[in-house]
Amino acid sequence: MFGVNKATIIVLVMMLCILLQSNISNAATFPAGDDKGWGFNMNGWPNGKTFNTGDVIEFKYKVDMHNVVKVSKGEYDSCKTSGGQVYNSGDDKIPLEKGTSYFICTIGPHCSEGVKAAITAN
């Protein structure tokens, strides 16, 4: 078949798997809020940090105190959401997509009290 044997195909597939794995393993994990975690201390976070597509933000919090909702910019600005992806495990690991991702807490007035983050990935 076009001069390509089975061994060559296997080698190419293995090389592709190694390349894909190396791209995944280059992703960094950032704790939201640094060592304080996801909560009322979010003012100024993530200022000064550089994020890349595929990096992971880890949201750690007490389940009965907070949640994480991925929202649009408008919902982030208004602290009101009619949907969005809700995370509520207390240890949510969310990979970043290219561009800006917006996250808020929808419990009580937490968002308007600063429990929110806008994170831009290159």
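Visitor: What makes C79 and C111 a disulfide?
Guide: Their sulfur atoms lie 2.1 Å apart. A disulfide is a pair of cysteine sulfur atoms within 2.5 Å, so C79 and C111 qualify. The structure holds one disulfide.

Visitor: What kind of model is this, and how are its residues numbered?
Guide: It is a predicted model: local features need pLDDT of at least 70, side-chain atom pairs count only at pLDDT 80 or more, and totals for chains, interfaces and linings use all residues. Numbering starts from 1 along each chain as its sequence is written, and side-chain values use heavy atoms, with hydrogens and water left out.

Visitor: What is the handedness of the link of C79 and C111?
Guide: Left-handed, with -70 degrees about the S-S bond.

Visitor: Which parts does the pair tie together?
Guide: C79 lies in the loop between α2 (73-78) and β4. C111 lies in the loop between β6 (99-104) and β7, so the link joins parts that are 32 residues apart in sequence.

Visitor: Where is H110, and which side chain does its side chain meet in a polar contact?
Guide: H110 is in the loop between β6 and β7. Its relative accessible area is 11%, so H110 is buried. The side chain of H110 is 3.1 Å from that of H66. A polar contact is a pair of N or O atoms within 3.5 Å; within protein, one must be able to donate a hydrogen and the other to accept it, and residues adjacent in sequence count only if both atoms are side-chain atoms. So the pair of H110 and H66 counts.

Visitor: Which residues is H110 in contact with?
Guide: Neighbours within four places in sequence aside, H110 is in contact with F40, M65, H66, C105 and V115. Contact means heavy atoms within 4.5 Å. Across the chain, among contacts with a separation of 6 or more, 67% are between residues 24 or more positions apart.

Visitor: What makes a stretch a helix or a strand?
Guide: Helices (H or I, at least four residues) and strands (E, at least two) are DSSP runs, numbered from the N terminus. The chain has two helices and seven strands. Their order is α-β-β-β-α-β-β-β-β.

Visitor: Why are β3 and β4 called paired?
Guide: Two strands pair if DSSP finds at least two bridges between them. Three bridges join β3 (residues 68-71) to β4, so the two pair, and they run antiparallel. K70 stands opposite Q85 in β4. Three bridges also join β3 to β6, again antiparallel, and V71 stands opposite Y102 in β6.

Visitor: What is the order of the four strands in the open sheet?
Guide: β4-β3-β6-β7, with antiparallel pairing. β4 (85-87) and β7 (116-121) each have a single partner strand, so they are the edges. Neighbouring strands are turned by 25 degrees on average, direction ignored. Axes are lines fitted to C-alpha atoms, for helices over the stretch in contact; angles run from 0 to 180 degrees between N-to-C directions.

Visitor: How do you know whether S101 is buried or exposed?
Guide: S101, in strand β6, has a relative accessible area of 5%, so S101 is buried. Beyond four places in sequence, its contacts are K70, L96, A117, A118 and I119.

Visitor: Which strands make the open sheet of three?
Guide: β1-β2-β5, in that order, with mixed pairing. K60 stands opposite D91 in β5.

Terms used. Buried means under 20% relative accessible area, exposed over 50%, partly exposed in between (1.4 Å probe, protein chains only).
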